[in-house]
Structures are given as structure tokens and as C-alpha cells.
Amino acid sequence: MGSKTCGLLALIGIFLFHSCNNIGEQKGVKNKIVQNKILQQKDGTISLKVDKADCYRDMVNPSSNTAEWNVVVSKSGRFNVWLSSATIDTTDLKYDNSVMLSILDNRLEARPACDKIIHNSSDVTYPYFRADSFIGSLYIQDTGLYNIQIISEKIVPKDIRKGESSGSANSKLLSVFMTPITR
């Protein structure tokens, strides 16, 4: 009977040890996920940089290049959506296709134009200028975690940019800004 009790206690000990290890591993995964979330700023602005996104590049069909972010929205409401691009030509951004932004069932689709030219921006280096483009507004009803996705041929993943020559791209998407509309 003593050997059965020792065997049972050993089995329970192994089970508890294994359970505790799994809890620790789950906490580690949870912490990694928290680090990859973008938080909404105190003034309500949501700033999404392509450098911080998960990017997917389609070599065959660049118009389906995608950038995705996990965003924690703490203040819901209506937002104006702006794109920032690095461009050499300040009269034409040379987007071949429309840019599509999606959040849940909300979608915006527009062809970016040079609405604002920002000279001496720290976001770009010579020969580029920063051009901001208004693409529309959307309403986010609830607070919480959202997956925001943007699709455009001008999304160039960070590791690819280093290998590009300066003449290979007239423009590229830098970031998305969502500014709250206040009455």
C-alpha cells in the first residue's frame, strides 16, 4: 500500500509541476502579445507606423501588400483617417491602385492625393518629402482591441527597403493617422 501511495503522490506531483509550467508559458505568450499592441494616445489619436506593423508582401501582385496592427481603442467615436507617404514627386504620389483600410466591418477605399506637403519632416530623408493624404472618416462604436489592416502596393516592408535603390520607388506608405472628430 505504501508503494501505491508513493506512486500516486509522484503522479500528482508530476501533474502539478506540468500544470504550473503551462501557466508560466501562457503568461509569457500573453506578455508578448501585450507588447505588440498599439495604444491610442490620450488626445484620442491613433498613430500607426508601417515600420511597427506586421507586413505581408506579394511579389506577384503588389497591390495586395498588407500592413496590420493590433490597436487598443480606449476612446470610441468618429475619426478622420490620414495617410503619410514618402514621395519624391510632390504633385503626384503615383499610387497605381486605391488604398483600402479595414477595421471590422468598416472599410475606407481611396486613391491618395497630396493634401499636405510637410517639408523638413523627420520621418523622411532626402530626396523624399512627406505627403499627407486624407482618405475619409469612419466610426468606431466600441472600445477594445481592434485589428486594423491597410492594403496598398506602396507598403514596402522594412527589410525590403534597405535593399532598394533610391530610384526604385517614387513613393511609399509611411503611416496611418486616425484623428478624432470633435464637435
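Is Cys55 buried, partly exposed or exposed? Cys55 comes out as partly exposed, at a relative accessible area of 24%. Here buried means under 20% relative accessible area, exposed means over 50%, and partly exposed lies in between (1.4 Å probe, protein chains only). Cys114 is partly exposed too, at 24% relative accessibility. As for disulfides (pairs of cysteine sulfur atoms within 2.5 Å), a search of the whole structure turns up zero.

A quick word on what you're looking at. This is a predicted model, where local features need pLDDT of at least 70 and side-chain atom pairs count only at pLDDT 80 or more, while totals for chains, interfaces and linings use all residues. Residues are numbered from 1 along each chain as its sequence is written, and side-chain values use heavy atoms, with hydrogens and water left out.

Now for the charged side chains. Side chains of opposite charge can pair when their charged atoms come close. The structure has five salt bridges, each being a side-chain nitrogen of Lys or Arg within 4 Å of a carboxyl oxygen of Asp or Glu.

Start at Lys94, which is partly exposed at 32%. Lys94 pairs with Asp89, N to O, at 3.2 Å, and also with Asp92, where the closest N and O atoms are 3.8 Å apart. Asp89 is partly exposed at 22%, and so is Asp92 at 38%.

Next, find Asp123 and Arg130, whose side chains form a salt bridge at 3.1 Å, N to O. Asp123 is partly exposed at 34%, whereas Arg130 is buried at 14%. These two belong to a network of salt bridges that also links Lys49 and Asp132.
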